[in-house]
Amino acid sequence: MKSLRALLAGLALAAMALPATFDSGAAADYKAEYKLSTVLGKPFPWGIGGDRWAELVKEKTNGRINVKMYPGSSLVNGDQTKEFTALRQGVIDMAVGSTINWSPQVKELNLFSLPFLMPDHKAMDALTQGAVGKQLFDLLGTKDVVPLAWGENGFREISNSKRAISKPEDLKGLKIRVVGSPLYLDTFTALGANPTQMSWADAQPALSTGAVDGQENPLAVFVAGKLPTLGQKHLTLWGYVADPLIFVVNKEVWASWSKEDQEAVRAAAVQAATEEIAISRKGITAGDDSLLKDIATQGVEVVQLTPDQQKAFQGATKAVYEKWAKQIGPDLVKSAETSIAARK
Ligand code: X2X
């Protein structure tokens, strides 16, 4: 009798202990630190966004998930085109990555690099926040990552040290540093330039020594990267492509977290991404052009293409668009064009 009572008491205790074990027990498999990869750190909007995500995760999980940001693609020795593979393999736990840098592995992400597909920020939003964004997230979900939110690097404007660019012929013979997707080699070759592919880490010394004449990056990167001090005195606003950022977590890491913590990480990503997009667009719109003014005071000659001038660049890259639309997937490209045409 006595032993039965003891047994029952023991069982009751065990039952009481169980839910508690489930609540906090997950933390037992949690890593002491989760590595978050970005190409750019602070004070670039991208780095501010990554840092903010880490901060919000800590806050919303009451410190159960501790994220440390590794900017400069340092987890892949600066080679940003290897980031997605490292993420899949679990060498990287989380990332805020550019569609350009992941497009060598996920060809559909080249969509955003189709020259002159997106005329404005609303077009970009129509893609990332609509059916296309969902389709791309579903696709990424089959590739060992859990995508959570879209951020933004931005519209990539062209700069160089040699001359003002207002028509395709002005690009002739200019050595332009481009990022990791072969689409960029095609685009700049079609424009008569001499493109060369290199990482962001290598781009800065190449610009400063004059090994290359120019580059293309969003205005926030142009300013935070102090490109005018690297000889980049001619800037043309042509809005030919824009790269969104994607907040993701490695799938196994995601599965190791409790439901509650997963939702906290997701909410943190959505909030950090919303804030990051606002920062990346600051000062470059008609209503607030403070960043453009700031650039002009740094001795940079800024050319804003007229719609007709822009059409000349669009015409010169049309064959590249058509070639790559096939590789990306005609249905996806069609759906993107339809979403953009219907944007509000
Ligand atoms: O390398 C670049 O140009 C950058 C920083 O914009 C990207 O990572 C796509």
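Reader: How many helices and strands does the protein chain have?
Author: The protein chain has 15 helices and 11 strands. Both are DSSP runs, numbered from the N terminus: helices are H or I with at least four residues, strands are E with at least two.

Reader: What kind of model is this, and what are the ground rules?
Author: This is a predicted model: local features need pLDDT of at least 70, side-chain atom pairs count only at pLDDT 80 or more, and totals for chains, interfaces and linings use all residues. Residues are numbered from 1 along each chain as its sequence is written, and side-chain values use heavy atoms, with hydrogens and water left out.

Reader: What does the C-alpha trace span along its principal axes?
Author: The C-alpha trace of the protein chain spans about 95 × 40 × 35 Å.

Reader: What share of the residues counts as buried?
Author: Of the 344 residues of the protein chain, 52% do. Buried means under 20% relative accessible area, exposed means over 50%, and partly exposed is in between (1.4 Å probe, protein chains only).

Reader: On to the ligand. Where does the ligand sit?
Author: The ligand sits in the largest cavity. A cavity is a set of points on a 1 Å grid over the protein atoms alone, where a 1.4 Å probe fits but cannot get out. To sit in one, a molecule needs more than half of its atoms within 2 Å of the grid points.

Reader: How many residues surround the ligand, and which are the closest?
Author: 13 residues surround the ligand, and the closest are Gln80, Asn101, Arg156, Arg177 and Asn217. The cut-off is a heavy atom within 4 Å.

Reader: What about Asn217? How far is its side chain from a ligand oxygen?
Author: An N or O atom in the side chain of Asn217 is 2.6 Å from an oxygen atom of the ligand. For Arg177, the distance from a side-chain N or O atom to a ligand oxygen is 2.7 Å. For Asn153, the distance is 3.1 Å. Taken alone, the ligand exposes 270 Å², and the protein buries 100% of that. Such areas come from the Shrake-Rupley method with a 1.4 Å probe.

Reader: Arg156 was on your list. Which side chain does Arg156 meet in a salt bridge?
Author: Arg156 pairs with Glu216 at 2.7 Å, N to O. Arg156 lies in the loop between β4 and β5 (157–160) and Glu216 in strand β8 (residues 214–217), so the pair ties together parts that are 60 residues apart in sequence. Arg156 is buried at 2% relative accessibility. Glu216 is buried too, at 0%.

Reader: How many salt bridges does the structure hold?
Author: The structure holds 23 salt bridges. Each has a side-chain nitrogen of Lys or Arg within 4 Å of a carboxyl oxygen of Asp or Glu. One network links Arg52, Glu55 and Glu275.

Reader: Arg281 and Glu152: how far apart, N to O?
Author: Their salt bridge is at 2.7 Å. Arg281 lies in helix α11 (residues 259–281) and Glu152 in strand β4 (residues 145–155), so parts 129 residues apart in sequence are tied together. Arg281 is buried at 17%, and Glu152 is buried at 3%.

Reader: And Lys35: buried, exposed or partly exposed?
Author: Lys35 is partly exposed, at 30% relative accessibility. Its salt bridge to Glu33 is 3.6 Å, N to O. Glu33 is partly exposed as well, at 26%.

Reader: Back to α11. What does the side chain of Ser280 do?
Author: A polar atom of the Ser280 side chain lies 3.0 Å from the backbone oxygen of Ile277. Ser280 is in helix α11, and it is buried at 5% relative accessible area.

Reader: Which side chain does His234 contact?
Author: A 2.8 Å polar contact joins His234 and Glu301. His234 is in strand β9 (residues 234–237) and is buried at 17%.

Reader: What is phi for Asn62?
Author: Asn62 has a positive phi of about 50°, although it is not a glycine. Asn62 is in the loop between α2 and β2 (67–70), and it is exposed at 65%.

Reader: And Ser73: what is its phi near?
Author: Phi of Ser73 is near 45°, a positive value in a residue other than glycine. Ser73 lies in the loop between β2 and α3 (83–89). Ser73 is buried at 1% relative accessibility.

Terms used: A polar contact is a pair of N or O atoms within 3.5 Å; within protein, one must be able to donate a hydrogen and the other to accept it, and residues adjacent in sequence count only if both atoms are side-chain atoms. On a 1 Å grid over the protein atoms alone, a cavity is a set of points where a 1.4 Å probe fits but cannot get out, and a pocket is an open set with protein on both sides within 12 Å along at least five of seven lines; lining residues have an atom within 4 Å of a point.
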